[in-house]
Structure formats: structure tokens, C-alpha cells
Amino acid sequence: MKLPRQFFAPLAIGAPAPMRELPVRLERMIHFVPPHMEKMRAKVPELARQVDVVLGNLEDAIPVEAKGAARAGFIEMARSTDFGPTGLWTRINALNSPWALDDIVDIVGAVGNKLDVIMLPKVDGPWDIHYLDQLLAQLEARHRIAKPIMIHAILETAQGVNNVEAIAAASPRMHGMSLGPADLAASRAMKTTRVGGGHPEYKVIADAAGDAPRAAYQQDLWHYTIGKMVDACAAAGIKAFYGPFGDFSDAAACEAQFRNAFLMGCLGAWSLHPSQIAIAKKVFSPDPAEVAFAKKIVDAMPDGAGAVMIDGKMQDDATWKQAKVLIDLAKLVAAKDPDMGARYGL
Ligand code: GLV
Ligand code: MG
């Protein structure tokens with residue numbers, strides 16, 4: 001067992017001290033860029049002004065023959081862009097792949113001082129986090145990196161879901177976790193070819209009543225896993241995210257999937273297509289009417305204790321905390337987006 005005092009000691013002499021608190025940042029959408037494509041890299045400076053996080057993807061969807069070019073392209077775009085308050089992340093290849101070691105060593109060596117987060121795919125257990133944690137500390141020491149690079153795990157294997165609590169608590173470097181519905185479906189032998197969202201055959205039907213047609217209701221395939229992930233992350237003080245939604249032509253279904261995740265406790269989702277940026281912005285910025293109601297609750301209970309009635313609804317210490325979640329998020333959104341700030345009255 002790792003002893004409490006060792007938990008926050010650097011894992012290599014000369015590495016920066018692990019963070020005790022996560023940086024407070026708005027991360028409504030993690031926007032995926034394929035960095036081997038020059039045309040896409042050229043759009044990054046403009047993109048960095050529109051999104052909360054730019055992620056250079058090196059893993060799945062990057063052709064095998066372009067793995068080296070993607071890594072080099074990511075380094076180039078990281079060096080040449082001023083990201084301002086926008087996060088810079090990369091998704092490296094899986095630890096058992098032929099590319100992961102070079103991804104980590106080359107990127108930290110070249111742009112470790114600009115990189116906020118490494119997204120690690122196919123995490124099966126805390127051992128994957130421990131390996132990357134140690135290697136990052138060694139590289140941070142060698143390259144005199146000033147602030148620790150954080151780790152974001154993708155929850156996309158059945159074994160990872162079994163170990164989700166241990167993964168969330170594996171290191172002070174843990175930033176959060178995203179649900180990866182495509183790999184997870186494959187790992188579990190779920191019978192769907194969709195990337196996220198519902199499935200028309202996953203439903204409950206009403207009892208038969210004579211010859212009347214029986215009502216059928218589609219159920220949420222991802223509810224269980226998102227709930228499990230959100231609990232593991234919230235308990236460990238890290239952040240939960242929904243991952244990819246693959247049908248770019250179905251904006252309504254994408255919005256519904258993102259909103260379910262938001263309501264259940266997720267802070268953002270991946271955007272794989274430019275059209276999904278606006279969807280994520282809309283869903284993961286709290287509704288101004290909800291924020292106005294939350295402000296009423298906080299104003300009516302300045303010390304957060306007791307009970308009051310507002311518009312016929314009971315409020316107490318717990319609803320005060322719920323209201324605070326919405327107001328704190330609205331303040332973060334307002335700091336980045338003055339138009340939303342005006343709508344929140346902040
Ligand atoms: C994402 O990586 C997924 O597998 O859904
Ligand atoms: Mg995946």
C-alpha cells in the first residue's frame with residue numbers, strides 16, 4: 001500500500017510536485033484533431049479560440065502508416081500555436097502498441113511544458129496509470145517540466161469498468177475519465193455497431209392488452225456505465241466525461257446523449273466533427289433559467305442552511321449545494337463567454 005505521505009511526493013528526483021487540486025478549467029468539449037493532416041493543423045489557431053480543449057489524436061482513426069506523421073504534426077501544432085486559456089491534450093496510442101513509448105518520450109521532450117493532459121486509451125487497471133505516472137515523472141525531471149502533466153483515462157474495456165474506482169484513485173495525476181462506447185461495446189461483445197447513443201432494439205415493451213398495439217420505449221444502453229464512472233470520479237475528486245458520438249448526421253441524438261451525460265454529472269464530451277462543438281457548448285453550459293433559479297436558492301439561504309420554499313418547491317442544505325454546482329459552472333462559462341455571462345446575469 002502506498003502510504004499517505006508518499007502519495008504527493010514526486011516519483012522522480014527533479015520532477016514537479018504532484019498537484020493537490022485539479023486546475024479549475026472549462027472543458028465542455030474535447031475537440032479531436034488528426035495532426036498528420038496539414039489542412040487540419042492549419043485550422044488549429046482558429047479552433048483554439050472556439051473550443052475549450054484541443055486534442056491531437058494519435059490513436060484509433062489515425063492510419064498505421066501515418067502514426068509517425070501524426071506525432072510529428074502534433075509537436076508542430078503544439079509549438080506553433082498560442083492556446084491561451086484553451087487546454088492542449090493528446091490521445092496517445094495504447095501502452096501495448098508499438099507507438100506508445102515514442103509518443104510519450106518524443107512529445108514530453110518536445111512540448112512537455114505546453115501539454116496539459118495525456119489521454120490514455122484502453123486502461124484496464126491502476127497498473128496502466130502507475131506505469132505512465134512513473135515514466136512521466138522521469139521525463140519531467142529530465143526535461144525540467146514545470147507543472148505535472150495530467151492523465152485522462154478512457155473507460156473502454158470490460159476490465160477497466162471492473163476496476164474503475166482503482167483507476168480513478170491511482171495517482172494525483174488523474175484528471176478524469178471519458179466513456180469510450182465503441183471499444184467498450186466491442187470488449188463486452190455488445191451487439192451494436194453504433195458509436196454511442198441508443199439502439200432501437202434495446203427497449204421495454206408494454207404488456208399486451210387485447211389487440212391494441214403495444215407501446216415500446218427505447219432504453220439507455222450507457223446509463224449503467226456512465227453512473228458507475230461518475231461515482232468513481234466524483235468520489236476520487238476527478239472529472240467525468242462522455243466520449244464520442246459517431247453519427248454526425250443525427251444532431252438530435254448527439255444532443256440527447258450529451259445531455260444525459262451532463263445531467264448525470266459529466267462535465268463535457270468529445271467533439272469529433274465541427275458541428276458537435278455547438279452541441280457541446282449548448283448542452284454543457286448550464287441553462288440560464290436553471291441558473292436564475294439556483295441564484296434564488298442561494299440568495300434565500302445565504303449561509304446554506306435551514307429550509308425555505310421558493311415557487312412552491314422545498315429548498316434545504318442539499319438543494320443549496322445543487323444550486324452551487326450550477327452557479328460555479330455558470331461562472332466558469334461566463335469567464336470564457338461574455339454573451340453567456342450576460343444571459344446568466346453574472
Ligand atoms: C473511443 O475511443 C471509443 O472507443 O469509443
Ligand atoms: Mg476507443
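Here is a friendly note on a metal site, some salt bridges and a helix pair in this predicted model.

1. Ground rules. In this predicted model, local features need pLDDT of at least 70 and side-chain atom pairs count only at pLDDT 80 or more, while totals for chains, interfaces and linings use all residues. Residues are numbered from 1 along each chain as its sequence is written, chains are lettered from A and ligands numbered from 1 in the order in which they are written, and side-chain values use heavy atoms, leaving out hydrogens and water.

2. The metal site. Start with the magnesium ion (ligand 2), which Glu 156 (OE) and Asp 183 (OD) coordinate at 2.1 Å. Donors here are N, O and S atoms within 2.8 Å of the metal (3.2 Å for Na, K and Ca); water is not among the atoms, so sites may look incomplete. Glu 156 lies in the loop between strand E5 (150–155) and helix H7 (158–162), and Asp 183 is 27 residues away in helix H9 (residues 181–188). Helices (H or I, at least four residues) and strands (E, at least two) are DSSP runs, numbered from the N terminus.

3. Glu 156 is buried, at 3% relative accessible area, whereas Asp 183 is partly exposed at 23%. Buried means under 20% relative accessible area, exposed over 50%, and partly exposed in between (1.4 Å probe, protein chains only).

4. Salt bridges. The structure holds 20 of them, each a side-chain nitrogen of Lys or Arg within 4 Å of a carboxyl oxygen of Asp or Glu. Glu 156 and Asp 183 also belong to a salt-bridge network with Glu 59, Asp 60, Arg 91 and Lys 122.

5. Arg 25 is partly exposed at 27%, while Asp 116 is buried at 9%. Asp 52 and Arg 28 form another bridge, at 2.8 Å, and both of these residues are buried.

6. A bridge within one helix. Glu 46 and Arg 49 meet at 3.0 Å, N to O. They are 3 residues apart in helix H3, so about one helical turn separates them. Glu 46 is partly exposed at 40%, and Arg 49 is exposed at 63%.
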